[in-house]
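This briefing is meant for a reader who is meeting the structure for the first time.

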Amino acid sequence: MQRIPEETIEQIRTSNDVVDVISEYVQLTKRGRNWFGLCPFHGEQTPSFSVSQDKQIFHCFGCGAGGNAITFVMDIDNLTFQEALSKLGSRVGVELDIEPQTGQSKIISKEETRMKEAHIFAMNYYHHLLLNTEEGEKALLYLEERGFSRELIEQYKIGWSLPNWDALTKLLERKGFVPVEMVECGLLIKKENKNEYFDRFRERIMFPVQDEAGHTIAFSGRVLNMETQDAKYMNSPESPIFQKSKVLYNLDVSRPIIRKKSKVIVMEGFMDVIAAAKAGIMNTVATMGTALTKEHIHKLKRLTDTVTLCYDGDVAGFEAAKRAAQLLVQEKIKTEIAILPNQMDPDDFVQQNGAEAFEKQIIDRPHAYLSFMMMAARRNKNFQFENDTLQYVQEVLEYFVGNSSPVERDLYIRQLAKETNISEEAIYQQFRKVEGKSIKQQSRQQAPPIAQNIPVNRKKVQAIDRAEKLLLAHMLHQVDIVDRIHQEHGLHVFIHDSYEAIFVRLIGFYDTYPQADTHRFLEILEDTDLRNLVMEATLTERDPEHASEEVSDCLRQINKHRIMLQIHEKMHESKEAEKSLNMKRALELAIQIIDLKKSLSVI
């Protein structure tokens, strides 16, 4: 792996503002000097993720994640240091000649890496067949007739799979990929009772699926001849690299546009996203054959607090939109629903009415959440029947609780009164009953157990933790402190292994880098937990003018703790010796314990 000059690393780091970089992944709000948002590394409802523009670092007070712009991209996109540097370099016009490693991060197994490499190979192969071979001409003509421009085909790397049973199988074997792994990731299928394999996708238009970092992890294949008995679409099965509940199609492309527009349009399928792209609408994502999940919502919530749902106009699409809208509102996301007429899907609408009509009539005119839920409650109800009328009113009022402002309630209750011929006063009275019942239920659910003193589990910060963190903080800022402590105490200075591991790496770092550089040190640490610990130490308050005194105090505290551990250990040994009636050994240990306790008084 080629070495990147230090001046290039410094240029890329300083040219990429940490707030700008993280804002492409997380919705940040400025409070005081710092920026805050929901942590992308763990689920949370209250922002505890802080970004400092002055220091060019980020830190989560919830999970401890921290670092700078480069380490953020490494962690969020699962990239090596060189890949993250290349990505950030491209962002500011500094191109690095680095071969993609397909996310060779420590948390990606070698098998998963090979699976992603195989998918990239398959994607390029299918794409080549569509654009450059006679076999792909018919599929290419079909796509062009459906409004797919050459630019769109190349943008989404659309391809074509041959009708042959083993075309891809032979190529993958020739490239050295293991057939068993190719079966596990969904590219091949194993014949029953035979040690033979064949292609999963045959004679289909191929649509690659990428993860958030842009790595191809799956495919969806569409048949060209609808008269065949095959299903219209065939998707890759779930695999170690593809879990439908976590993947949002097009998120890797649409993320910066979502941030810029402060809104995301969620669709049911990848073809809907491509149909929207034909209309020039790019802030779109789609689920992959599954309902919207909390994992999906967590990804979206990092980017925006406004979602427009644009699902198919049929009954199934309407019900799916209803479920998704309720989930989004529960997560305090502003939710709108764009409704398609005549049971159409977005692709049908664009084909029949054009791109401009899709944008102006559908996307730009969504229904508010409560308006849509009222529409959903009205479906299949006949207001000539008393039960239907009462059920409709009850359902709508339940949606109002916790999800409506006084102005919205006034507007929709007037609408309810007109629809049902029930007076506004009666509906308001019923709403207060529904609201009161809901408040009582919530109070019961949230009430603490009676007459039970359950201790709260809080992590106690001990003196030894504070001492080690402060000592590391000084080491990160002053090379001479590391040199002096290394000479006087060797490598075993800290009590905890994680601090000792950082200390050893810091010694090696200062052999190469003569000056303290926390940013560069963070970047060379492969272990995320160690990086987080370094960030915590970096943020620890210290007194540079009295560094020597503080370091001495820390070393004293650490030495005391080490002696206390020895005392506890010898007391345990002494008890065991007494149990074994080995009184001589018990006496020796008692003398050692006394000596250790005496040494404590002179520290």
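This is a predicted model: local features need pLDDT of at least 70, side-chain atom pairs count only at pLDDT 80 or more; totals for chains, interfaces and linings use all residues.

In the hairpin formed by β9 and β10, 5 residues lie between the strands, and Gly214 takes a positive phi near 90°.

**The hairpin and its neighbouring strand**

- Strands β9 and β10 (residues 216-223) pair in the antiparallel sense over 7 bridges, and within this pairing Gln210 stands opposite Thr216 of β10.
- β9 also pairs with β6, again in the antiparallel sense, over 2 bridges, and here Trp160 has Ile205 of β9 as its bridge partner.
- Of the 7 residues of β9, 7 are buried, so the strand is largely enclosed by the rest of the structure.

**Helix α6**

- Helix α6, which spans residues 137-145, has Ala139, Leu140 and Leu143 as buried residues, and these cover an arc of only 100° around the axis, which puts them on the same side of the helix.
- As background, an α-helix has 3.6 residues a turn, so residues three or four places apart point the same way.
- The buried residues of α6 pack against α5 (110-132), α7 (150-155), β6 (159-160) and β9 (204-210), whereas the face turned away from the buried side carries the exposed residues Glu137, Lys138 and Glu145.
- After α6 comes Gly147, whose phi is positive and near 90°.

**The five-stranded sheet**

- An open sheet of 5 strands runs in the order β13-β12-β14-β15-β16, and its pairing is mixed.
- The edges are taken by β13 (284-286) and β16 (367-368), each of which has a single partner strand, so one side of each is left without a neighbour in the sheet.
- Strand β12 (residues 264-267) pairs with β13 in the parallel sense over 3 bridges, and Met267 has Ala286 of β13 as its bridge partner.

**A pair of packed helices**

- Helix α20 (residues 463-477) packs with helix α24 (residues 528-538) at an angle of about 85°, their axes being 8 Å apart, and the two are therefore roughly perpendicular to each other.
- On the α20 side the contact is made by Lys469, Leu472, Ala473, Leu476 and His477, while α24 contributes Leu533, Val534, Glu536, Ala537 and Thr538.
- Sorted by class, the contact of α20 with α24 has 6 nonpolar, 2 polar and 2 charged residues.

Definitions and conventions
Residues are numbered from 1 along each chain as its sequence is written. Side-chain values use heavy atoms; hydrogens and water are left out. Axes are lines fitted to C-alpha atoms, for helices over the stretch in contact, and angles run from 0 to 180 degrees between N-to-C directions. Helices (H or I, at least four residues) and strands (E, at least two) are DSSP runs, numbered from the N terminus. Angles under 35 degrees count as roughly parallel, over 145 as roughly antiparallel, 65 to 115 as roughly perpendicular and the rest as oblique. Contact means heavy atoms within 4.5 Å. Ala, Val, Leu, Ile, Met, Phe, Trp, Tyr, Cys and Pro count as nonpolar, Asp, Glu, Lys and Arg as charged, and the others, Gly among them, as polar. Buried means under 20% relative accessible area, exposed over 50%, partly exposed in between (1.4 Å probe, protein chains only). The arc is that of the directions from the helix axis to the C-beta atoms. Two strands pair if DSSP finds at least two bridges between them.
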